[in-house]
Protein chains: 4
Amino acid sequence: MAAKLAHDSYGKSKVRLTKVTRLPDRHELKELSVEVSLSGDFSATYLSGDNSKVVATDSMKNTVYVLAKKHPIDSIEAFADELVWHFVKTYPQVHHAHVGIEQRAWHRIDTSGKAHPHAFVAGSNELRTCTVGNNAGELVHHAGIENLVVLKTTDSSFTGYVRDEYTTLPETTDRIFATSVKASWMYRDVLKPGDWNQRFAEVRQVLLDVFADHKSLSVQQTLYAMGEAVLAACDYVDHMKITMPNQHRVPFNFAPFGLKFENDIFVPTDEPFGLISGTITRE
Amino acid sequence: MAAKLAHDSYGKSKVRLTKVTRLPDRHELKELSVEVSLSGDFSATYLSGDNSKVVATDSMKNTVYVLAKKHPIDSIEAFADELVWHFVKTYPQVHHAHVGIEQRAWHRIDTSGKAHPHAFVAGSNELRTCTVGNNAGELVHHAGIENLVVLKTTDSSFTGYVRDEYTTLPETTDRIFATSVKASWMYRDVLKPGDWNQRFAEVRQVLLDVFADHKSLSVQQTLYAMGEAVLAACDYVDHMKITMPNQHRVPFNFAPFGLKFENDIFVPTDEPFGLISGTITRE
Amino acid sequence: MAAKLAHDSYGKSKVRLTKVTRLPDRHELKELSVEVSLSGDFSATYLSGDNSKVVATDSMKNTVYVLAKKHPIDSIEAFADELVWHFVKTYPQVHHAHVGIEQRAWHRIDTSGKAHPHAFVAGSNELRTCTVGNNAGELVHHAGIENLVVLKTTDSSFTGYVRDEYTTLPETTDRIFATSVKASWMYRDVLKPGDWNQRFAEVRQVLLDVFADHKSLSVQQTLYAMGEAVLAACDYVDHMKITMPNQHRVPFNFAPFGLKFENDIFVPTDEPFGLISGTITRE
Amino acid sequence: MAAKLAHDSYGKSKVRLTKVTRLPDRHELKELSVEVSLSGDFSATYLSGDNSKVVATDSMKNTVYVLAKKHPIDSIEAFADELVWHFVKTYPQVHHAHVGIEQRAWHRIDTSGKAHPHAFVAGSNELRTCTVGNNAGELVHHAGIENLVVLKTTDSSFTGYVRDEYTTLPETTDRIFATSVKASWMYRDVLKPGDWNQRFAEVRQVLLDVFADHKSLSVQQTLYAMGEAVLAACDYVDHMKITMPNQHRVPFNFAPFGLKFENDIFVPTDEPFGLISGTITRE
């Protein structure tokens with residue numbers, strides 16, 4: 001019996017950075033968490049501890065900060081591009097570089113009704129994400145969104161499902177629908193970058209629009225409608241994966257108190273939770 | 001040697017509830033986490049397991065939901081009042097009831113540039129809080145704010161502090177100042193409730209205004225200025241406690257790379273962190 | 001342009017359960033978190049909101065509790081088997097059922113030097129895990145371990161790696177090596193279940209033995225050595241994936257204080273962290 | 001109207017450190033998180049930004065590491081003593097220094113049935129804590145324990161409590177009792193330090209013994225019995241505060257499935273939770 005190394009990768013995670021750009025009339029603030037992962041000709045360190053080809057993960061971290069200084073970071077996708085090319089072109093032993101970036105939102109504080117030039121308040125836990133990797137000399141771009149927590153108080157029903165000995169859930173034609181949307185999509189054009197920021201904003205708005213306006217017969221149906229609408233509205237999107245965990249709002253049982261539940265008081269619960277996912281592609 | 005029970009209290013924490021109010025043109029959404037704590041004539045259960053005076057914490061939970069149905073929950077302070085009086089007046093063995101409420105913000109989703117009538121997106125981790133307790137037949141109201149995460153990219157210096165053998169921090173006349181403000185304040189008027197929501201909005205805005213505009217010589221100075229400004233602007237506030245943990249942004253050391261730190265690239269760190277607190281009162 | 005549903009699955013996550021088995025001389029305690037995910041003939045609910053084939057995730061949850069009552073839960077793998085077969089055999093629209101289980105350890109409290117028959121104290125965050133799924137009428141079993149946090153204070157070096165303009169990490173022949181091992185392995189025999197509990201204990205011990213005794217030249221080398229040793233010692237393991245995030249212990253810089261770092265005082269940091277992974281198979 | 005600074009303190013939190021002591025036959029490992037808080041003559045920085053008396057929190061952090069090198073850290077209490085005296089004696093403007101330390105447990109890995117000399121596996125989330133402060137030239141010592149998660153499967157009942165219109169909880173003579181014990185106790189003797197480690201172990205064992213063996217009529221009763229037993233067994237303890245949040249295990253309702261709950265299958269829930277506390281003193 002002998003063992004072999006079938007697959008391997010290594011890198012640095014949670015490289016957090018703040019970039020401040022000092023413009024004449026205002027400061028711009030970007031906060032990112034960067035992940036770098038490399039694979040290629042690295043088996044020697046696994047098999048014999050020969051580190052001669054190993055780029056230390058500490059050096060990857062340094063690289064992220066040095067390149068962040070030089071790059072405008074106008075979009076996380078553009079910065080990820082820079083990082084991927086850097087690792088692939090600098091080190092021949094790197095066959096594939098994979099860079100993931102998460103960005104949190106900061107909003108300008110309003111004082112006297114005006115956006116402040118250099119003071120900010122943190123946004124929600126929503127993350128704008130991207131992952132960029134090289135494939136046969138070209139870059140593949142995925143963008144995404146995580147922790148987009150949304151809730152609608154009506155226009156959501158769930159009826160007609162299997163009823164058997166394990167079923168206790170009552171059918172309902174009007175329930176709260178709450179979820180934390182996680183979506184990622186691949187861009188079609190590799191060579192024509194477009195405006196990454198505008199694209200992200202467009203996709204996000206379509207997701208919100210459909211979530212808000214859809215007459216939902218099931219979480220699955222709304223999920224598909226959201227992805228379908230993105231593909232219809234955004235010709236630069238190749239395909240999209242959406243995951244929607246149900247953040248249940250359980251009707252409070254007022255029966256023991258001589259009162260009636262009137263779609264008014266709910267118990268939010270974190271677990272267990274339904275988890276619905278789907279990948280929507282073009283035909 | 002004999003032991004005695006010097007102090008005791010018990011209650012229910014993290015009673016989470018969602019209230020939907022269905023108005024003709026839109027739905028209102030409130031999400032709260034409620035904590036109830038009681039003290040009084042409860043030593044028998046501690047000393048002998050005699051539970052005859054014990055209001056089960058499960059019953060407290062039920063009470064929160066039942067009263068939430070009947071109360072408009074126009075403000076968390078008004079709902080907390082209702083709960084405190086309920087426990088004090090219903091159960092003679094309850095001498096003191098203490099109710100704490102946390103409220104997270106939900107914002108309406110904008111679709112086609114308009115606020116949606118029944119679809120919402122979650123706000124930040126910022127919490128509006130209150131605690132209400134009874135004292136000699138009157139209620140004492142504290143309101144508060146937690147996780148108000150703010151950052152300014154300039155107008156913050158830190159110089160002139162003690163330099164000795166344990167000091168390595170360089171003085172700086174221009175640093176990032178980031179913190180997660182936690183503030184709580186007691187209201188002066190017990191009998192004249194005023195508009196709790198407007199008061200909260202006013203206090204919050206003063207805190208943000210001063211944070212943004214203050215030329216900070218130390219976190220301590222800005223903290224005091226924030227509290228002082230609230231007392232000056234809001235005559236209904238009796239005193240205020242503020243806690244400001246430093247959320248450090250550490251300048252990245254570019255020296256090994258032949259580059260210069262230009263107040264541009266920082267490393268955000270979670271720990272260790274400075275923790276500054278102060279209580280500001282009226283003279 | 002038209003969209004299509006390329007892939008979908010749905011299920012229930014974080015179904016937590018406690019099972020107490022009351023034996024004559026002692027109680028047994030098991031605490032699990034179960035995840036069920038189904039795929040098959042479910043496109044109708046995505047495409048048109050036709051839920052007639054949908055098994056509600058709430059019903060999945062009920063099923064877990066009902067089957068937990070009837071099953072001894074002698075091992076999480078055996079219980080997962082039961083659940084997978086249940087969903088596949090009960091609902092023709094289910095083509096694939098996937099069940100994941102996490103188990104936390106509880107230890108008996110020692111009183112007067114003896115293991116207590118019915119009082120327990122919680123173990124660490126280490127999780128025993130399994131995932132079971134059906135494939136062409138047979139079950140495929142993966143077992144795993146997560147959050148196995150280990151640290152060795154010596155026998156770890158890291159030298160000879162790439163030194164270039166991005167490198168600042170000093171080489172070291174004696175460092176702390178700390179990580180949170182995550183491993184999962186596939187069992188070779190589908191039809192001969194063996195003793196799942198004994199197998200898990202054997203694999204875990206090999207992982208710990210090699211981590212403790214290996215003279216490490218790199219995290220990668222130790223990772224591979226751990227996997228190789230498992231394959232050598234455990235003929236029932238087909239292959240194994242191991243992920244080892246570096247939990248860095250950074251030497252404290254005593255130079256400014258006229259003192260010398262003597263491999264004695266370290267700063268534990270959570271981020272950024274190195275992340276090493278590898279899959280070890282049989283030749 | 002004028003404001004004044006009624007109270008203030010500042011310090012550094014989450015100063016994490018690892019100390020390795022290299023003995024001839026084995027290595028010792030200690031991991032601590034230290035918090036330092038100072039108060040005294042510091043109003044100038046609050047009122048005017050005059051930092052001339054301010055000991056930077058970064059310097060406090062350095063001090064912790066430098067003193068950790070010199071101190072054996074044989075117990076966290078002894079190390080906290082050293083830190084408190086350091087700040088009080090070095091800086092006249094410091095009137096009160098308060099040091100809190102948390103220690104996590106690491107256990108030696110067993111290989112071939114023997115405790116390994118330098119390889120460790122992490123313990124549970126249980127923390128050993130202490131807080132030490134100066135008061136009129138003497139030190140006051142509190143020790144404590146947090147996250148001591150315990151569960152008993154029987155010998156716990158809850159009956160005879162108030163039944164009214166808000167009560168739905170059924171009485172039970174046999175339930176699961178699970179909690180995360182948080183306890184802190186003040187030591188009586190200021191000048192006679194004793195063996196802090198042995199004392200901690202003794203108090204912890206009494207808490208576990210009573211939890212395990214008590215026939216509980218209420219959480220309150222068990223809490224008091226635990227504190228009373230500590231005071232009886234440990235003459236060096238002055239008083240003790242215990243907080244016990246209920247970690248509920250809710251009986252699963254098998255009625256809809258034609259089955260009977262037999263004290264066998266429970267649903268663990270995190271919230272809402274009962275929260276019971278008491279302070280037990282000597283008469």
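This is a predicted model: local features need pLDDT of at least 70, side-chain atom pairs count only at pLDDT 80 or more; totals for chains, interfaces and linings use all residues.

Biologist: What about chain C on chain A?
Modeller: Chain C can be laid on chain A by a turn of 180° and a shift of 0.0 Å along the axis, again with an RMSD of 0.0 Å. Of the contact residues of chain C, 99% recur in chain A.

Biologist: Switching to charges. How many salt bridges over all chains?
Modeller: The count comes to 54, taking a side-chain nitrogen of Lys or Arg within 4 Å of a carboxyl oxygen of Asp or Glu.

Biologist: Give me one in chain B. What does Asp155(B) pair with?
Modeller: Asp155(B) forms a salt bridge with Lys215(B), and the closest N and O atoms are 3.1 Å apart. Asp155(B) sits in the loop between strand 5 (138–152) and strand 6 (177–187), and Lys215(B) in the loop between helix 4 (196–213) and helix 5 (219–233), so the bridge ties together parts of chain B that are 60 residues apart in sequence.

Biologist: Is Lys215(B) buried or exposed?
Modeller: Exposed, because its relative accessibility is 57% and the cut-off for exposed is over 50%.

Biologist: Which salt bridge do you have for Arg26(C)?
Modeller: Arg26(C) meets Glu28(C), at 2.8 Å from N to O. Arg26(C) is partly exposed at 31% relative accessible area, and Glu28(C) is partly exposed at 25%.

Biologist: Where are the two partners of the bridge between Arg16(D) and Asp270(C)?
Modeller: The closest N and O atoms of Arg16(D) and Asp270(C) are 3.1 Å apart. Arg16(D) is in strand 1 (residues 3–22) of chain D, while Asp270(C) is in the loop between strand 9 (265–268) and strand 10 (273–282) of chain C, so the pair joins two chains.

Biologist: Which residues of chain A are joined into one network?
Modeller: Asp25(A), Arg26(A), Glu28(A) and Arg108(A), through salt bridges that share partners.

Biologist: Back to chain B. At what angle do helix 4 and helix 5 cross?
Modeller: Roughly 140°, and the axes of helix 4 and helix 5 of chain B come within 9 Å. The two helices are therefore oblique to each other, and the crossing is right-handed.

Biologist: Which side chains make that contact?
Modeller: I can give you the residues. Helix 4 of chain B contributes Val203(B), Val206(B), Leu207(B), Val210(B) and Phe211(B). From helix 5 of chain B, they include Thr222(B), Ala225(B), Met226(B) and Ala229(B).

Biologist: Last one. Is Ile76(D) buried or exposed?
Modeller: Buried, at 0% relative accessibility. Ile76(D) is found in helix 3 (residues 76–90) of chain D.

Biologist: What is Ile76(D) in contact with?
Modeller: Leaving aside neighbours within four places in sequence, Ile76(D) is in contact with Leu32(D), Ile101(D), Gln103(D), Arg128(D), Thr129(D) and Cys130(D).

Note on methods: Residues are numbered from 1 along each chain as its sequence is written. Chains are lettered from A and ligands numbered from 1 in the order in which they are written. Side-chain values use heavy atoms; hydrogens and water are left out. Helices (H or I, at least four residues) and strands (E, at least two) are DSSP runs, numbered from the N terminus. Buried means under 20% relative accessible area, exposed over 50%, partly exposed in between (1.4 Å probe, protein chains only). Copies are superposed by least squares on the C-alpha atoms of residues with pLDDT of at least 70 in both. Contact means heavy atoms within 4.5 Å. Axes are lines fitted to C-alpha atoms, for helices over the stretch in contact, and angles run from 0 to 180 degrees between N-to-C directions. Angles under 35 degrees count as roughly parallel, over 145 as roughly antiparallel, 65 to 115 as roughly perpendicular and the rest as oblique. A crossing is left-handed if the near helix is turned anticlockwise from the far one by less than a right angle, and right-handed if clockwise.
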